[in-house]
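Welcome! Take a moment to look over the molecule, and then we can walk through a few questions together.

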Amino acid sequence: MHTKESNLKLVVVGLLLGILMSAMDNTIVASAMGTIVSDLGGLDKIVWVTSAYMVMVMAGTPIFGKLSDMYGRKRFFIFGLVVFLAGSALCGIATSITQLSIYRAIQGVGGGALMPIAFTIVFDIYPPQKRGKLTGLFGAVFGISSVIGPLLGAYITEYVGWQWIFYINLPIGIVAFILISMFYKESVSHAKQRIDWGGAFTLVGSVICLMFALELGGNEYAWDSPVILGLFAGFAVLLIAFLFIERTAAEPIISFAMFRKKLFATSSIIGLFYGSAFIVATVYIPIYVQGVYGGSATNSGLILMPMMIGTVIGSQTGGLLTTKTSFRNIMMLSAVFFVAGVFSLSTLSPDTSRLLLNVFMALTGFGVGFSFSVLSMSSIHHFEMRQRGSATSTSTFMRSLGMTLGITIFGIIQRNGFTSSLSDAFGGGAEASSFGDPRAALTPEARAQIPAPVLEKITGALSSSIAHTFMWALIPAVLGLAFVLLMPKDRLTDHSKETQPSGGRG
C-alpha cells in the first residue's frame, strides 16, 4: 500500500505539471505579445495567436473527454502531452505571426486533452473524502498559472528571448510524461462507444466563424459587409447543425442528457460566466498598470501577484469546505466576493492607488478561486466512472467557451471605448493618430518621448476604457451569482456515502 500511495503522489505531480503547462500557456504568451509582434510583425493578426490556441483547446476538450471514457485516460493524456510539446517546439521556431498562429493551434489540440483528463484521473484514483484537498490543489495550480504566466513570460522575454516561453514547456512536459508513463496504472474497464465526428466538426466550425466575425467586424470589415454577415450566417447554420446532430447521435460529444442533472447544468453555466468575467481581469489589469501607472512588462506581470494569492487561497478554501457544507453554500460565498471584486475594478481611474488596486485584485482572485476547485467536483458529482471524462470535459469546455467569448467581446468593448475616449480627448482624434499606435504608450521608452499633456490624455482614455470594460464584465459575474442561487443543495459527503460500496476503486 505504501508504494502504491507514493506512486499515486508521483502521478499527481505529473498531472499537476500537465495542467500547469496547458493553463499557463495563454497568459505566458500574452505578456510577450508586444515583443513577438515587434519581431515578427503582423499587429493586425495578433489576436489569432491567442484565439487559435483557445479554439483548439475548446474543440478538443469534449472530444478527448469522450475518447478517454472509451479507450482509457492514460493514452490520451500522454497523446495530449506529446502533441502539446511538439506544438511548443514549433512555436519557438516560427518566423511569421501566421506560422505562430498555426503552431499555437497544434499546441491547443494537446492542451485540450491535458486539462479535463487530469481532473478525471484524480477522481478515478482517489476516494471522495480525499478529492476536496486534491481538487483544491489542482484549482490552485490553475489559478497560479493565470497569474504566474504573465510574470514568467515578461521575465523570459526581457532577459532570454521570447522563443523560450515555448521551449520552457519541454523539460516540464518531459518530466510529466515520465511520471505518468511509469507510475499511472489504469485498471478500469472501458465501454466501446462511437465518436461523434459530425458534432466535432460543426462545433469547431461554429466557434471559429463566430470568433472571426466578432474579431474582424467593425475592424477589418464593416459589420454589414458580406464577409461578416456570411461568417455570422455560417456560425448560425453550423450551430443549428451541431444541436441537431447532438440530439440524434448515439454517443454525442456534448450530451444534453447530462444537463438534465441540475447540479451539472448549474455548475457548467457558472463556469461559463466566471470564465468570461475573470479573463477580463487577467488581460486588462497588466495593460492598465503598464499604460496608466507606467512600468515595464515585468512589473505588469508582477502586479497580478495579489490576484494569484487570492485565487490560491480561494481554491484551497473551496476544496476543503466541500466536506463541510453544500456546493451551493460555498459558491454563494465565492460569488459575493467575485461580484464585489469585479465591481471594485470598474471604479478604476488614474487616481486609484496601487494599494487599492491590490485589494481589488485580491478580492476578485479570492472569489474566482473557489470555482476552480468546487465546480470541477460538483459538475461530476452524480456521474459514474464511465461518464466522468465527458462530464469533466463538458464543464471545462463551458469555462473555455466563456473565456474565449469574454476575450473577444470585452476586447471589442475596450477597443471601441479607448478609440472614442481618445477622439473626445483630442477633439476628433487627428492629434492622437499623429502619435501612431496609442498602445505604444505602454513602453517606458515611448512614454518618455510623449509630451506630458498628451500622455495624460492617452492614459486617461486607457483608464476609462478599461474601467468601462469591467463595468460590462459585471454582467457575467452577476449572472454567475444568479445561477449559484439555482444550484441544488447537494453535498460531497452525502453522495460518497451512497455510492462508496459500489463505487469501484475509491
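Q: Is S145 buried or exposed?
A: A word on the basis first: this is a predicted model, where local features need pLDDT of at least 70, side-chain atom pairs count only at pLDDT 80 or more, and totals for chains, interfaces and linings use all residues. Residues are numbered from 1 along each chain as its sequence is written, and side-chain values use heavy atoms, with hydrogens and water left out. Buried means under 20% relative accessible area, exposed over 50%, and partly exposed in between (1.4 Å probe, protein chains only). S145 has a relative accessible area of 1%, so this residue is buried.

Q: Which residues does S145 touch, not counting residues up to four places away in sequence?
A: S145 has its place in helix α6 (residues 128-159); helices are DSSP runs of H or I with at least four residues, strands are runs of E with at least two, and both are numbered from the N terminus. Contact means heavy atoms within 4.5 Å. With those nearby residues set aside, S145 touches L20, A23, M24, T27 and P150.

Q: How many helices and strands does the secondary structure of the protein come to?
A: Of the 506 residues of the protein, 57% count as buried. Among contacts with a separation of 6 or more, 85% come from residues 24 or more positions apart. As for secondary structure, the protein comes to 20 helices and zero strands.

Q: Which helix gives the most to the nonpolar patch?
A: I178 lies in helix α8. Four residues of the patch come from this helix, and the one that gives the most is α8 (residues 169-183).

Q: Within what arc do the buried residues of α8 fall, seen down its axis?
A: The buried residues of α8 are N169, I172, G173, A176, L179 and I180. They line one face of the helix, because their arc, taken from the directions from the helix axis to the C-beta atoms, is 130°.

Q: How far does helix α13 reach from its first C-alpha to its last?
A: The expected span of a helix is 1.5 Å times one less than its number of residues. Helix α13 (residues 305-321) has 17 residues, with 24 Å expected, and its reach is close to that, at 24 Å.

Q: What is the distance in space between F123 and G389, C-alpha to C-alpha?
A: F123 is found in helix α5 (residues 97-125) and is buried, with a relative accessible area of 4%. Leaving aside neighbours within four places in sequence, F123 is in contact with residues including S376, M377 and R388. F123 and G389 are 266 residues apart in sequence, and their C-alpha distance is 9.7 Å.
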